[in-house]
Amino acid sequence: MRRVNSFIGQPVPRLEDLRFVRGRGQFVDDLARPNMLHAAILRSPVAHGHIRSIDISAALKVPGVHSVITGADLGNPMPRVPMRLQPMPGFEAFGQPVMACEKVRYVGEALVMVLADSAAIAEDALGAIEVNIELLPAVWNRDVAAKNETLLFEDKGGNIAMKFRAVLGDAAASFKDAPYTRRESFSTQRHTALTMEPRGLLCEWDAQNGRLTVSGAAKVLFFNRRIIARQLGLAEHAIDMVEYDVGGSFGARGEFYPEDFLIPFAARHAGRPVKWTEDRREHLMTMNHAREASCDVEIACRRDGTIVGLRGHAFVDVGAYMRTNGAVGARNIAQFMSGPYRVPNIEIDVSLLLTNKTPVGTYRGPGRFETDFFRERLFDIVARDLGIDPVEFRRRNLVRDSEMPYTVATIAPFESKDELDSGDYQVTLDRCLAEIGWAEKAALKGKCVGGRYHGLAVSCFIEGGAAGPKESARLKLESDGTLTVYTGSSGVGQGLETAFAQIAADAMEMPMDRVNNVFHGSTAYVSDGYGSYHSRSIVMGGSAILDAATKLRAAMCGQAARRLNCGAAEVALADGRACGPDGKSVTWAELAVEPISVEGAFLNKKHTWAYGAHAAHVSVDPRTGHVQLLDYVAVENCGRMINPLTLNGQLVGAVVQGLGGAFMEQLCYDEQGQLLTGSLADYLIPTAADFPKIRGLVMESHPSPINPLGAKGAGEGGIIPVGGVMANAVADALSSLGVEPRDLPLSPSRVWQLVQDARRRRAATTTID
Amino acid sequence: MPVRFEINGKPVEVDVEPRLTLADCLRHRLRLTGTHVGCEHGICGSCTVLVDGAAVRSCLILAVQAEGTSVVTVEGLSLEDGLTPLQASFRKHHALQCGFCTPGMITTAHALLTEEPDCDAERVREVLSGNLCRCTGYISIIEAVLDARAAYKNSGKRA
């Protein structure tokens, strides 16, 4: 790596913005093709039942309808959505068929697809289809699932898809002699990533050459190409996955969904381009849900607050099927419940429960948001029991710099081992406390001022990043001496083009404006790509660019050596010229009469661990349950920073998403398994008026030892601790009433109810006394 | 049926189905794809355009209702080269990430600053609370709009 650089670490304004602020971004629904058909999908109106008949005859007669496709048209066996992460054989039976044909298992499951001359006609035709479904009772929550009276998959004998266990040390032994133990139960609610851009696809089939083009692909394009190739019986190289601008992913957009088979199939079936854009109601009932988990957890401590053991059982509602990454949240809840803390003995079971609801997948900080809420809430309860200051309790148990790398619990059955790579967790905690003015505000804790109770809370967290195994990058020196960057990482709105241009310009020692363009995501750019998830793009894609730059510089030196009649090692590349030992030089443009193109890669088996602390100051109105966020400080250390402007944007944006999860967002179902929150009038996310004061602070010591950039994956850390921090702040504010929130979201009605319950308890106790 | 209105300063006549929304007319008939459709039920604000100067959700009105009006989209608030002060302020403050909500933010903020170039942070928050953004957390958007006020004050009702 260069010792001196000029772009990495600078708050470079984003290159992407130049098109976005002028309305020149290009999102998939902006595309149109001559002779294009539009697809619309009929979705199950009920949660659970046997399909008895589907009558499409009237729909076929609607003028402008090209074809009506049911499950029977899709081949035998019906293609299923495969697992991308944790693809264990035990999950296969629960894979989602791309269209329901015998049974429906959730509201929103695809039943019929109509292709027509316009989206409006296709939707008209959906209304003419008659479906007869024999209703079954709905498995709509954990309790009903656990009874196993109604089964989603009858031949499986139960509604548990699988169980994992996280183990470290000997939890049973640690509890045997522990002087203090406490058992608690917590829960987090179902919510979702809710990207602002709805999903869409435009697929084109070139019958003459047997080629398929899929526009609107996102996140993991190479993996999804492998699935489509297998399912449609095509060679991978016969499929181009094209990434346009993507209006957010947060883990959810770009995973392989049933439509990722249906629309390519439709294009080949019709022999015409087919476009599909979901509406917001479809989005809320079909895109991956997340976060619905509950946990019975028990902690063992010494009297001085030193944690000796953690054990428990978590239950994750995975919905009706196991989709591509549906097990990640459950894995993370178990494996990372200890977070940044030293917990020597752990035994956490987690059961993945099938219910008649939309299947789940990853949402920013998957499992980590949930498990941090469980842990941090438990810690504050324990600290109060033991009479220890909650800050001191955390300080005592944080993993120390000297203990790195620190091994965390291992997950069975797939033996996923992990270790924290580096960091000084005390420093970010101290900085966070100083920044929010903890010492000065401490006098307000639990105080009532003007009818509102004030509360303070702080939590520490870790954020995993940089999932392997590999990323690729290609650098091309153009014949005008400029540089073009191609990468397998994919853009989902996070500012990849700017960050990668900074990294490439530094590595090549050239001005940023000589970097033409950063092309990313699409399968045509590099031989093999892995995409953007698990906060991996900067570390993996950025390190691949460094490797490609080393190779490009070598190739340029070789080329220059021939021109300058010297050895390649004698050539110096600087200021757009290649100079020989005798002072003669050629320009980069002269070197690249034929453009020079090289491919680089970065391979990695370890994870980076960004870390930090969040603190909040709230005031709570016990009469209404309203929680006002007065101040919020998020401190994160991400190793070496590439662009502080975009990093801070990730941090603050993620905090506000987390506040949505802490206070307002909830996907509600009734006892029939009907989704009650199918519009943005029902599913509330934060608005500009809700949380005016959030401060993000990024620190930069402890570069990651596992990659040449020294960077750590960031972008998820901002959301991870928010639920725990907010619940602890509310508990602190209402401590005089004895309020202990154990469930999210902290909606006004829930906080109000907690206050009522606490008062009733107090009154009852007083009467007995 | 035919509908005539002015789009970004130029007269236009489009033959539309009565049920076509203004948003779909702009995007798919006039190919002005800077206006984005995020919810089609008037909550997210991504499709906001100016109709006779007022910020309007183009998913909630029909194209035929635009008859005789002057419609301005994000393209109409942009220069051929370079950025307007409002756009430059969005870039400077990192007030966008994925860029999907941005055109709606720009049109809404432009309407606000044109009418109220002296608005305070609370007013900006109130007006922009009808535009959802999932990426930024809004803090930077508010800063960008406040920072752009100067341009609207100096140039009267234009920026």
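Author: Going from the N terminus on, chain B runs β-β-α-β-β-β-α-α-α-α, which comes to five helices and five strands. Keep in mind that this is a predicted model, where local features need pLDDT of at least 70, side-chain atom pairs count only at pLDDT 80 or more, and totals for chains, interfaces and linings use all residues. Residues are numbered from 1 along each chain as its sequence is written, while chains are lettered from A and ligands numbered from 1 in the order in which they are written.

Now for the overall build. The C-alpha atoms of chain B fill a box of roughly 45 × 30 × 25 Å along the principal axes. Inside chain B, 57% of the 159 residues are buried (20 or more other C-beta atoms within 10 Å of a residue's own, with C-beta atoms placed from the backbone). Next come contacts, meaning pairs whose C-beta atoms, placed from the backbone, lie within 7 Å. Of the chain B contacts with a separation of 6 or more, 60% join residues 24 or more positions apart.

And the partner? 44 residues of chain A are in contact with 44 residues of chain B. On the chain A side, helix H1 (17-20) and helix H17 (644-663) each supply at least two of the touching residues. H17(A) gives the largest share, eight residues.

Technical notes. Contact = placed C-beta atoms within 7 Å. Helix = DSSP H or I, 4+ residues; strand = E, 2+ residues; numbered from the N terminus. Buried ≥ 20, exposed ≤ 12 C-beta atoms within 10 Å, placed from the backbone.
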